[in-house]
Amino acid sequence: MSTVCASCFNILVFVTLQQRDPMLKRDGFEDILEERRNSSDLKYALRCYAPVLYKGVTPCKANMLKNIVLQSDQLHYVINQVSQESGEAPDIIQEEASVILEEMAHRLQISTVRFFAFALSKAFKTLFQHVCVNEEGIQRLQQAIQEHPVVLLPSHRSYMDFLLMSYILYTYDLALPVIAAGMDFMGMKFVGEMLRMSGAFFIRRSFGGDKLYWAVFSEYVKTMLRNGFAPIEFFLEGTRSRTCKSLTPKLGLLNIVIEPFFKGEVFDVNLVPVSISYERILEESLYARELLGVPKPKESTSGLLKARRILSEDYGSIHVYFGQPVSVRSLAQGKVNRSTYNLFPRHIPRKPMEETQSFVNDTAYRIVRLQEDNMVLKPWVLMASLLLQNLEGLELSVLTEQTVWLRGLALSYAAFLDWPDHAPTAKVVSSSLALHRGLACVSGGRVSLVVGEPLGPVTPEEALFNRAVSVLSCASYRNQVLHVFLRPAMLAVAMHTAASSKKNEVYNCFSFLWDMFSNDFILCPGDIVQDFEEACYLLVKTGAVQMPQQDIVMTDIGQPTLSFFNGLLEPFLQGYQVVCRYLCEEASEGLTEKQYIPAVRSFAVKLILAGNLRCYEVLSSDMQKNALAALLRMDAVRKVKVADQVTLIVNKMAVNSIDDILGGKLPTQKALLARL
Amino acid sequence: MLTSDSCLSLHKHGSSMASDSNSSESQRIAQQRLRIIAGHLQKHKDDDSGTIATECKAEANKGTVPRKRQEIMKWNGWGYSDSKFLFNKKGQAEFTGKRYRLSGMVLPSLQDWFENTFGASVNHKSPATPALNASAVPPASLNEAFVEDLKATGIPFSHEAEDRVFRAHGHCLHEIFALREGKKFERVPDMVVWPNCHNDVVKIVELACKHNVCLIPYGGGTSVTSALECPPEETRCIVSLDTSQMNRILWIDEKNLVAHVEAGIIGQDLERLLNESGYCTGHEPDSMEFSSLGGWVATRASGMKKNVYGNIEDLVIHIKVVTPRGVIEKSCQGPRMSTGPDIHHFILGSEGTLGVVTEVTMKIRPIPEYQKYGSVVFPNFEAGVACLREVAKQRCAPASIRLMDNEQFQFGHALKPQVSSIFTNFVEGLKKFYITKFKGFDPHQLVVATLLFEGDRERVLQHEKQVYDIAATFGGLAAGEDNGQRGYILTFVIAYLRDLGMDYYVVAESFETSVPWDRVLDLCRNVKERINRECKERGVQFQPLTSCRVTQTYDAGACVYFYFAFNYRGLADPVHTYERVEHAAREEILANGGSLSHHHGVGKLRKEWMKESISSLGVGMLQSVKDYVDPDNIFGNRNLL
């Protein structure tokens with residue numbers, strides 16, 4: 001892909017923008033708390049609730065659902081198979097399956113839902129200023145639920161997410177979803193059962209080789225889907241994103257819900273991306289600590305109750321955007337040949353074919369991108385991006401001025417920015433600072449990050465740790481805007497590192513970065529050329545870049561934009577370089593996967609303390625994991641399993657040259673060769 | 001749908017055989033039969049003269065179909081000219097003519113059903129061009145040398161526009177629509193020949209090879225796969241080889257229960273002639289009124305009563321085919337052979353691409369002593385399919401068992417003739433009350449299975465009980481003989497009904513597939529949904545009618561038949577729209593595990609999916625046979641491959 005002619009690029013751009021354009025027409029929001037503040041919560045919780053289901057199906061009692069699953073051909077096949085392999089009688093395996101199902105299944109009860117409706121109304125009113133929902137999206141969803149089985153795919157930033165989802169659907173009299181939840185909730189006895197009764201079903205985090213578990217689980221989900229008993233909800237990202245960046249999607253459940261379409265068991269499946277944006281996330285500082293290696297507190301009921309002090313704070317508003325339902329049928333048109341399923345009995349489980357796998361993978365990425373597109377951004381997100389590039393602080397007036405500039409840039413890149421109408425800029429900036437006073441403060445006209453003041457004397461490590469918490473918390477806001485700027489920013493970096501302004505060379509750098517960072521950011525597989533073209537288009541559109549003939553050059557007015565973009569990605573470039581350096585310089589022969597994160601962390605701490613590194617973000621385990629995943633993908637590091645330990649084997653030459661390219665010391669072409 | 005049809009003879013024979021049917025009915029039927037025979041005799045009186053008699057002509061030709069088909073059949077629609085549906089001055093539907101059970105009857109509920117189902121109105125007519133416009137027919141480009149040599153053989157031929165146009169089409173929607181609209185034809189046969197026997201065919205094929213003329217065999221003309229369409233790119237003279245005059249039973253062998261028959265014979269004549277000797281073939285495709293034995297072989301036809309008698313491939317003992325390389329025959333009539341791949345299977349389904357089937361030896365059976373219709377009502381389609389599956393599993397399917405969906409059930413009801421007595425009305429009302437109110441069946445969900453039992457009386461009654469018992473376990477209620485019989489009437493009148501629809505802006509077509517049992521329901525649902533959706537997307541203003549039925553059961557699956565119709569007012573090119581929708585529906589069928597065709601064949605309509613269906617290697621195998629048998633593509637209809 002090193003020589004791509006300009007004209008193909010142009011065609012691609014045209015197509016891409018056409019495809020993406022409809023998404024940019026976004027709906028308006030309604031605040032659902034407004035009515036709650038003006039009328040009785042009790043009445044609301046007890047009101048008549050009669051949602052319309054798929055093709056007028058009557059709702060299925062939880063027990064009946066279990067019976068259908070236990071009697072399915074699919075499950076019987078696996079039970080017999082397991083019975084033959086293990087020598088156990090089928091009855092016993094059947095009993096096992098029934099126990100698994102018991103542990104897994106939801107027990108949706110309207111009374112519990114009403115309880116939550118009441119309790120959450122109270123809680124939301126104290127915690128949040130507004131809970132805004134796009135009602136047009138709700139109407140589209142209502143339509144979709146009646147026509148096809150629906151899968152709700154919300155973004156995942158907080159524990160609140162699924163309670164909030166059910167709360168909204170209840171509010172709008174829509175069918176309540178059944179929600180795939182991690183087994184960790186089950187630890188909280190009472191809460192776990194409450195969640196179960198509000199529609200959650202529980203799955204073990206890992207059940208790799210357990211055929212029976214997989215069969216029960218997938219048949220349970222498929223039965224609900226095929227019959228359209230309820231919309232199915234799960235988180236494509238698999239877990240809450242601690243960084244507020246979207247996580248690369250997990251495919252297991254998506255495979256399960258798409259398969260009935262390929263097998264012709266349903267006419268279509270509609271995937272509905274839902275973007276839930278929090279102005280302030282409840283778990284904000286918890287996440288930062290977690291990323292820095294303080295293990296996350298085990299979910300326990302008492303822990304949740306302690307969280308009550310959270311209730312006294314102001315968490316701003318929530319925006320929930322229900323995206324356009326995506327028809328799996330339309331997506332698969334021309335990509336997957338369904339008749340390949342014709343020659344194999346449908347009840348026998350089978351690994352999806354390559355064609356299907358790549359389709360599901362592609363779909364997953366596209367859905368996550370749709371989630372990103374409709375995330376609502378607050379002005380603070382822009383301010384956080386600027387603050388992080390000025391860790392020593394900056395004048396309030398400068399911050400205000402740059403925020404206004406950045407707002408213009410973000411809007412021209414189609415960011416979904418919630419900037420208050422008619423409010424003077426100074427007011428917007430000051431109220432943002434007020435809401436996030438835990439993160440930034442103004443003193444003497446200068447804005448800087450707040451560093452938590454510990455009690456008593458502090459070691460240099462502790463001070464560093466405190467500062468890192470602030471930086472990572474702040475970064476979690478900057479991260480929210482990354483998807484808007486990512487592609488032009490990578491192009492800006494590529495222009496900076498490329499040896500010349502030749503389009504091909506810039507493209508090579510771009511494609512290296514694209515590949516390198518594809519664990520950290522949502523980059524749809526195979527979209528590299530399209531992304532490059534989009535980046536070019538956007539930078540040209542905002543006047544930062546010109547493209548005479550086969551060159552890409554900065555314009556006279558391009559400097560601020562390009563340097564902002566370089567600064568935006570700087571922490572990632574530096575972070576990855578630190579990882580590379582660690583692997584080349586410090587890593588011992590038998591480095592295990594387990595040791596990797598603490599080792600990189602202490603390496604980075606040493607560098608920072610010695611004044612050789614100013615980047616705190618490399619302390620984030622998320623970045624460390626992503627960097628390792630990238631190096632593994634690029635074959636610069638290999639995993640070897642020795643006994644029970646997974647050891648990392650480092651190809652120092654390859655890692656070294658990656659380090660050099662990231663630092664701009666080596667042109668991409670050479671480095672790529674070195675990798676081979 | 002059109003390769004289907006004619007329960008005409010079925011009903012006649014059926015009821016006269018049934019020992020308990022009332023005598024006035026059998027008298028009426030006997031009279032009707034006499035009338036038909038008299039009609040045929042009359043027609044053959046003024047047979048084309050001026051042709052030289054050949055040895056084949058020694059015997060008088062007794063077939064139903066004259067050389068000039070247009071004398072008794074519609075040139076731009078289905079079936080006999082004298083039989084058609086129309087809305088009379090009072091707006092009531094009636095069926096004209098005297099040939100069928102419905103003939104001369106008024107159908108009071110058809111208008112309501114028609115208008116409500118399609119959003120059509122009897123006031124909005126879309127009449128057909130009254131007569132063939134000869135100037136729309138391209139002039140015949142004759143191969144003079146061939147014509148000269150042909151004349152010498154004395155085999156009759158014609159190059160009149162009417163004869164040529166009649167053989168330029170089958171009964172696909174686009175073909176009939178074009179005829180009705182008086183559209184200009186791109187390519188029609190340049191001449192028509194009527195061989196009288198096998199030897200005539202041998203001569204014609206020899207001459208065609210000698211003069212490089214393209215031959216297109218023509219049997220009953222009931223193709224619904226564009227198989228009879230002339231390839232527009234064909235520059236040679238195209239000769240339509242009409243087999244209709246090769247219609248004799250040459251001998252009957254009662255010891256082995258086989259009959260040797262000329263392949264041009266049409267279904268109703270074959271059954272009638274065999275019946276005279278106390279036999280039948282039992283092969284009753286819905287089109288048997290007009291379709292020919294040779295056509296059945298060439299398309300792998302399936303008969304309604306295949307559960308007792310088998311499909312055409314099970315019935316055929318020997319086939320004689322004239323190809324450009326010579327005549328294909330076997331050396332004996334052994335009932336089964338292990339002599340390599342069965343060469344009959346190159347012929348069966350070859351769709352006229354290899355040669356002309358001239359004579360067939362096929363199994364015959366004594367006429368069954370007793371015949372009885374029946375029907376079962378199920379609360380929904382799912383229950384009905386489950387019942388048919390169980391019947392197939394227990395291998396106790398009656399001669400015919402068909403499951404109609406709710407749309408077709410309602411359609412069937414719209415075809416009920418005016419009831420003369422108040423009592424019948426009352427009984428009908430009572431039945432309806434019992435099923436919908438007492439048994440709680442939803443009239444918009446319930447479906448009906450129609451049954452036909454055959455055999456000796458005792459066995460039939462026993463068999464009947466067994467099937468009804470199975471049905472009961474799936475919630476089925478016996479719903480009487482009358483409903484069953486009406487289901488089979490629907491099969492043959494539906495082709496006539498399409499012409500009525502086309503008079504009022506409604507286009508309709510059918511298509512079929514075969515599918516494993518476990519996919520039947522999914523396939524039916526998805527195909528219907530796909531049709532509805534495609535119609536909407538393509539700007540069809542009215543809700544289309546999509547209906548299906550399971551028409552055949554097998555051990556491992558079933559044959560499913562779809563009807564699809566819509567009101568095309570407001571569409572610029574309804575035929576194109578229709579074709580796109582059918583195309584999409586076929587893709588949906590294939591994606592849902594259905595076959596490309598159960599019995600209609602491929603023709604040119606479904607050629608594009610052949611590779612996908614039988615692999616490119618499979619296509620290559622067929623192609624190599626074609627290349628060997630017909631290297632110069634004399635049989636150039638370009639079907640199949």
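The contact between the two chains of this predicted model takes 14 residues from chain B and 14 residues from chain A, where contact means heavy atoms within 4.5 Å. Local features need pLDDT of at least 70 and side-chain atom pairs count only at pLDDT 80 or more, whereas totals for chains, interfaces and linings use all residues. Residues are numbered from 1 along each chain as its sequence is written, and side-chain values use heavy atoms, with hydrogens and water left out.

Chain B and chain A bury about 1300 Å² between them, with 31% of it on carbon and sulfur atoms; buried area is the accessible area (1.4 Å probe) that two parts lose on being put together, summed over both. Of the area that chain B buries against chain A, 37% is supplied by Arg519(B), Glu529(B) and Arg533(B), more than by any other three residues.

Five salt bridges are counted between chain B and chain A, each a side-chain nitrogen of Lys or Arg within 4 Å of a carboxyl oxygen of Asp or Glu. In one of them, the side chain of Arg533(B) meets that of Asp268(A) at 3.4 Å, N to O.

On the side of chain B that touches chain A, α18 (520-537) and α19 (574-591) of chain B are the elements that give two or more residues, helices being DSSP runs of H or I with at least four residues, numbered from the N terminus. The most comes from α18(B), with six residues.

The residues of that side of chain B divide as follows.

| Class | Residues of chain B |
|---|---|
| Nonpolar (Ala, Val, Leu, Ile, Met, Phe, Trp, Tyr, Cys, Pro) | two residues |
| Polar (the others, Gly among them) | three residues |

Methods. Chains are lettered from A and ligands numbered from 1 in the order in which they are written.
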